[in-house]
Amino acid sequence: MVDVNSDTSSSTKRLLLAAAPGGLCLIQDLLNSASIPMAAVPDLLDDETAARSWLTAALRTWSEQTGRGTPRISVTGDDLPALRELRGTVRGWLTEPAEDHPPHPVRADLSFRDGSLTFTPSGDGASAVVSLVHLEALLASHAGTLARLKTCLNPSCGAAFYDQSRNGTRVWHDMKTCGNTMNLRASRARRRRTAEEKTAADADR
């Protein structure tokens with residue numbers, strides 16, 4: 001079971017998870033906007049009002065994590081299919097890393113400030129979100145942090161979490177909930193197989 005709280009605007013906070021470092025938090029928030037039926041967690045990209053609230057919260061967290069101004073991006077109902085497609089694409093990066101994923105164009109304005117380059121996504125709506133997500137994924141990939149953003153292996157969960165373990169081998173968003181649940185299922189499955197094999201062996205005697 002996934003623990004949730006009442007803050008439904010922030011997709012990651014509602015799952016009681018810590019934000020990923022830097023701009024990677026935006027990618028995590030996008031993934032965690034998905035529904036988790038077993039915990040009655042709704043899809044925040046299912047309607048325009050929820051999507052706007054999600055984006056406002058996600059960009060606010062992004063601004064806090066990166067120390068940069070909050071981008072002015074607004075979305076409408078027409079942007080929802082593209083946002084959901086983006087979420088599916090990003091989930092594919094994490095769940096199918098060996099697969100070749102098609103390239104996607106990004107639009108951004110680059111500027112040089114305080115001795116370093118910075119960027120601002122161009123345009124508005126879903127296209128601006130797509131550009132910002134892809135650019136942050138690129139930065140995280142080069143920084144080596146993208147590989148630590150994972151989705152819970154419990155098929156009924158799929159929550160996105162940042163793996164802070166020393167060897168980077170966590171597979172559950174929370175060991176007490178999904179970890180124990182899945183390990184118990186695996187243990188029961190092993191016992192069933194053992195019992196079936198013993199029954200089959202006895203029948204052959």
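## What covers helix 3

The buried residues of helix 3 (residues 80–95) are covered by parts of the chain that include helix 1 (24–31), helix 2 (48–66), helix 4 (125–143) and strand 3 (149–151). The buried residues themselves are Leu80, Leu83, Leu86, Arg87, Val90, Gly92 and Leu94; buried means under 20% relative accessible area, exposed over 50% and partly exposed in between, with a 1.4 Å probe and protein chains only. Helices (H or I, at least four residues) and strands (E, at least two) are DSSP runs, numbered from the N terminus.

This is a predicted model, in which local features need pLDDT of at least 70 and side-chain atom pairs count only at pLDDT 80 or more, while totals for chains, interfaces and linings use all residues. Residues are numbered from 1 along each chain as its sequence is written, and side-chain values use heavy atoms, leaving out hydrogens and water.

Helix 3 has 16 residues and should span 22 Å at 1.5 Å a residue, which agrees with its end C-alpha atoms being 22 Å apart. The expected span is 1.5 Å times one less than the number of residues.

Helix 1 packs against helix 3 at an angle of about 110°, and their axes are 9 Å apart. That makes the two helices roughly perpendicular, a term for angles of 65 to 115 degrees. The contact (heavy atoms within 4.5 Å) is made by Ile27, Leu30 and Leu31 of helix 1 together with Leu83, Leu86, Arg87, Val90, Arg91 and Leu94 of helix 3.

## A hairpin in the open

Now for strand 1 (residues 108–113): zero of its six residues are buried, so this strand lies largely in the open. Strand 1 pairs with strand 2 (residues 116–121) in the antiparallel sense, over six bridges; pairing takes at least two bridges found by DSSP.

Arginine 113 stands opposite serine 116 in strand 2. Two residues lie between the strands of this hairpin, where aspartate 114 takes a positive phi near 50°.

## A buried threonine

Threonine 12 sits in the segment before helix 1. Its relative accessibility is 3%, so threonine 12 counts as buried. Leaving aside neighbours within four places in sequence, threonine 12 is in contact with Leu17, Ala18, Gln28, Asp29 and Asn32.

## The whole chain

Stepping back, the protein chain has five helices and four strands, following the pattern α-α-α-β-β-α-β-β-α along the sequence. Of its 205 residues, 41% are buried.

Technical notes:
Axes are lines fitted to C-alpha atoms, for helices over the stretch in contact, and angles run from 0 to 180 degrees between N-to-C directions. Angles under 35 degrees count as roughly parallel, over 145 as roughly antiparallel, 65 to 115 as roughly perpendicular and the rest as oblique.
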